[in-house]
Amino acid sequence: MPTPSPAALPIRRLTPRDLAACADLAENRGWPREEHKWGLLLAAGTGYGIDDPGGGLVTACVLTAYGPREQPDLTAIGMVLVADRYARQGIGRRLMRHVVAELGTTPVTLHATPYGRPLYEELGFKTIGRAEMVRGRFSPLGPEPEVATRSATAEDLVAILRLDEEVFGADRTHMITRLPAFSDQLRVAEEDGRIIGYAAAWPNMDNHVVGPLIARDTETAKALIASLAARTDLPLRTDIDVRHEELLAWVKERGLASLAFNAVMTYGIGELPGDWTRRFAPLTVAAG
């Protein structure tokens, strides 16, 4: 039987049962499998994909919505992939048009690689900023920040959620409440008994990814990173908003090197909600 045209293959919702197929698709395009991250995104978000008649997936992406379920304040799109044998056939464009139409009037954000950016611009996304991916083994250098940090406890969750919504600009309860199980470390920064920042370090292949990183100021962000680094033997990786120049210089002095830049893009909104001055790094670029 002839192979159906990619344009005729139906787009469907993905579920956590598609985790292995999503990881296979990532591997097909030279990305790491990242099954731990896929598990979170498929559980907390909504995946879309097209099945390959020969097995596996032709394409996939994941949407993570924030705010009220009926009318989210913001949705992040991530993990947009097309299998190598279907590349450059308009599949990614078709999938993106579908999900943007599904979202209606909901504002959308995504982090775009240089390769993907032209497609998103064609669809009407605008670049509003950049994030720099850095990775390396953190080495303490000189006096470290004196901001007090400690492991988060269950009793901290309400305060963390309150701070996160204030800084991120939308309710991320369904994602943040998964952090204790998803992360290897979840730490808070405190002043006079009040939480002024928090950060997680979660396993991703041979790294610990730092994110989210929410902090009152740069010194607090430094203290959180240093405290996470002191409790792992793995390299750290994170994606820092390039406007946080002091923090970027500080982590590079301590062994993290620049790997790549991604464009922060939006659709249907001019700027991201919340307070960027306290938002240093996303949980993951796939979910904002």
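Buried here means under 20% relative accessible area, with exposed over 50% and partly exposed in between, using a 1.4 Å probe and protein chains only.

A word on the source. This is a predicted model, where local features need pLDDT of at least 70, side-chain atom pairs count only at pLDDT 80 or more, and totals for chains, interfaces and linings use all residues. Residues are numbered from 1 along each chain as its sequence is written, and side-chain values use heavy atoms, leaving out hydrogens and water.

Pro6 sits in the segment before β1 (11–14); strands are DSSP runs of E, at least two residues, and helices are runs of H or I, at least four, numbered from the N terminus. Pro6 is buried, at a relative accessible area of 15%. What does Pro6 touch, not counting residues up to four places away in sequence? Tyr86, Gln89, Ile91 and Arg94, with contact meaning heavy atoms within 4.5 Å. The C-alpha atoms of Pro6 and Val58 are 8.3 Å apart, across 52 residues of chain.

Now helix α8, residues 218–229. Of its 12 residues, 11 are buried. Among them are Leu224, Ile225 and Leu228.

Its partner is α9, residues 245–253. The two axes, lines fitted to C-alpha atoms over the stretch in contact, come within 10 Å and cross at roughly 30°. That makes α8 roughly parallel to α9, a label for angles under 35 degrees. From α8, residues including Thr218, Lys222 and Ile225 meet Glu246, Leu247, Trp250 and Val251 in α9.

Conventions:
Axes fitted to C-alpha atoms, helices over the stretch in contact; angles between N-to-C directions. Parallel < 35°, antiparallel > 145°, perpendicular 65-115°, else oblique.
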